[in-house]
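Colleague: I would like to learn how to read a few features of a model. Could you take me through them one at a time?

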Amino acid sequence: MNKIEQLYSLKGRTIIVTGASSGLGLAMAIMLAECGAKVYGLSRRGKPDKDVKSAFDGELIFDKLDVTSKAAVENKFKAIAKDNDDCIDVLVNNAGVTIKKRAEDFTSDDWEYVQSINVTAVYSCCQVAYPYLKKATNVGRIINISSMASYLGFSEVVPYSSSKAAVLGITRGLAVEWAQENILVNSVSPGWFPSEMTQGVMDEQRKAKILNRMPLHRFGDANELASMICFLSSPAATYITGQDLSVDGGALAFGY
């Protein structure tokens, strides 16, 4: 294996991806397996929403998990670790939801629903994975999926924006606290990628406004995000922690 292969291969890694049944999460799980990892794609559905056909160097296993149940997370992570030398190498917290409403119309139940998945479940998954990530021979990684909504204000998704800002706080806090525990913690903030969730908050007028508001003037491809996840999981990224990396077509850099 040459130096480049050593830096970017994920062979021998055990990786968990939550929210992996469709869209961006599924693309991440597929590419991680293509890079040689043994990937557990977990979701409420427990299976991908389309046929997955790829020449995996690694392995891709789909299973059910409700990330809002800490007991279920504990049981699932324990079982995965048991099958992999009591170790998990990478946790990708991708599961997330949003609701589109004006701020004054959100109910307490709406608020709790968004926070339970986007914040509480992320933190719970990190806590549960901690003892297994510590044992990773290749340095344990946590990669939290945030959003450019953690930086910018967007109408009708205030609970989502607040939840993603919280993800940045979790990422930085854990990165500092677990720096000497063999665990690196980073987040990735996607810009606008075609997905079930983004389509739910986008009409034609908003679509035009969004495309005009980024230098590349196009939506991202799921593989352009998945490649960042693979990089942060790889030996090439062992000196990166506590960072949020934006994959957004330049949207956050765009001025007036």
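Colleague: Is Arg218 buried or exposed, or in between?

Modeller: Arg218 counts as partly exposed, with a relative accessibility of 39%; buried means under 20% relative accessible area, exposed over 50%, and partly exposed in between, with a 1.4 Å probe and protein chains only. This is a predicted model, where local features need pLDDT of at least 70 and side-chain atom pairs count only at pLDDT 80 or more, while totals for chains, interfaces and linings use all residues. Residues are numbered from 1 along each chain as its sequence is written, and side-chain values use heavy atoms, with hydrogens and water left out.

Colleague: Which side chain does Arg218 meet in a salt bridge?

Modeller: A salt bridge is a side-chain nitrogen of Lys or Arg within 4 Å of a carboxyl oxygen of Asp or Glu. Here the partner of Arg218 is Glu224, at 2.8 Å from N to O. Glu224 is partly exposed as well, at 34% relative accessible area.

Colleague: How many salt bridges does the structure hold?

Modeller: There are seven. One of them joins the side chains of Arg102 and Glu104, at 2.6 Å from N to O. Arg102 is partly exposed at 49%, whereas Glu104 is exposed at 54%.

Colleague: Which parts of the chain does the pair Arg44 and Asp66 link?

Modeller: The side chains of Arg44 and Asp66 form a salt bridge at 3.4 Å, N to O. This pair links distant parts of the chain, 22 residues apart: Arg44 lies in the loop between β2 (38-43) and β3 (59-64), and Asp66 in the loop between β3 and α3 (70-82). Helices (H or I, at least four residues) and strands (E, at least two) are DSSP runs, numbered from the N terminus. Arg44 is exposed at 53% relative accessible area; Asp66 is partly exposed at 27%.

Colleague: At what angle do α3 and α4 pack?

Modeller: The angle between α3 and α4 (residues 108-133) is about 30°, and their axes are 10 Å apart; axes are lines fitted to C-alpha atoms, for helices over the stretch in contact, and angles run from 0 to 180 degrees between N-to-C directions. The two helices are therefore roughly parallel to each other (under 35 degrees; over 145 is roughly antiparallel, 65 to 115 roughly perpendicular, the rest oblique).

Colleague: Which residues of α3 and α4 meet?

Modeller: Lys70, Val73, Glu74, Phe77, Lys78 and Ala81 in α3 are in contact (heavy atoms within 4.5 Å) with Ser124, Cys125, Gln127, Val128, Ala129 and Tyr132 in α4.
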